[in-house]
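This report goes through one protein model, starting with its backbone and ending with its confidence scores. Please keep the sequence and the structure open while reading.

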Amino acid sequence: MNAAARVLELLAERGQSLAAAESLTGGLVAAELTSVPGASMSFRGSVTAYATALKRDLLGVDGTLLTERGAVDPEVALQMAAGARVRLGADWGVATTGVAGPEPQDGQAVGTVYVAVAGPVGGGKVAALRLNGDRAEIRRESVRSVLELLADELSGNGRAQDTEQNGGN
């Protein structure tokens, strides 16, 4: 079972819902989730906030944080996930932000990605990824990583906040 199917099964078992906020993945998280039959039982929708201003205006990410640190930041990822959860009326929110390449962004190297999960009970989890590969590979691995992070949270196997992973090729 792929990560999207696992997440949707776990959400259905709990009677809970999910929303996504995506930047570098440009809708791929939503596409992966909606490729699973019955996704509409748990998946509410997504916001693709590619422009930094949309992260602030649509998802409620703190403008000062964005100005000081840029969009590729672990706290930005957490605020995006929380914003998606609240604004789309879901129990859980996930978010992706990072640099898929081919050029660095905001002083961050290609392959620097943060994925986050915000749940119904405060806090949240973020994973810092250092991914290798081309733009498509980085985006695909970001999708897989955010769904795995959520699956771990839903199944009670949540990793510690600010975990660092290396992936890709």
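## The loop between strands 3 and 4

Where is the place of Pro-102? In this predicted model, Pro-102 sits in the loop that runs between strand 3 (92-98) and strand 4 (112-118). The peptide bond that joins Gly-101 to Pro-102 is cis, with an omega of about 15°.

Asp-106 also belongs to the loop between strand 3 and strand 4. Asp-106 is not a glycine, yet its phi is positive, at about 50°. As background, most peptide bonds are trans, and most residues other than glycine have a negative phi. Is Asp-106 buried, partly exposed or exposed? Asp-106 counts as partly exposed because its relative accessible area is 46%, which falls between the limits of 20% and 50%.

## The largest pocket

The largest pocket holds about 160 Å³ of space. Its lining consists of 14 residues. Those nearest the centre of the pocket are Ser-23, Leu-24, Tyr-50, Gly-98 and Gln-105.

Sorted by class, the lining of the largest pocket comprises 6 nonpolar, 5 polar and 3 charged residues.

## Confidence

The average pLDDT of the protein is 93, and 92% of the residues score at least 70. Over residues 159-169, however, the pLDDT is below 50. This stretch has 33 contacts in the model beyond near neighbours in sequence. Where pLDDT is low, predicted coordinates should not be read in detail.

Notes:
Residues are numbered from 1 along each chain as its sequence is written. This is a predicted model: local features need pLDDT of at least 70, side-chain atom pairs count only at pLDDT 80 or more; totals for chains, interfaces and linings use all residues. Side-chain values use heavy atoms; hydrogens and water are left out. pLDDT is the predictor's confidence in each residue, from 0 to 100. Contact means heavy atoms within 4.5 Å. Helices (H or I, at least four residues) and strands (E, at least two) are DSSP runs, numbered from the N terminus. Buried means under 20% relative accessible area, exposed over 50%, partly exposed in between (1.4 Å probe, protein chains only). On a 1 Å grid over the protein atoms alone, a cavity is a set of points where a 1.4 Å probe fits but cannot get out, and a pocket is an open set with protein on both sides within 12 Å along at least five of seven lines; lining residues have an atom within 4 Å of a point. Grid points are joined across faces, edges and corners, and a volume is the space filled by probe spheres set on the points. Ala, Val, Leu, Ile, Met, Phe, Trp, Tyr, Cys and Pro count as nonpolar, Asp, Glu, Lys and Arg as charged, and the others, Gly among them, as polar.
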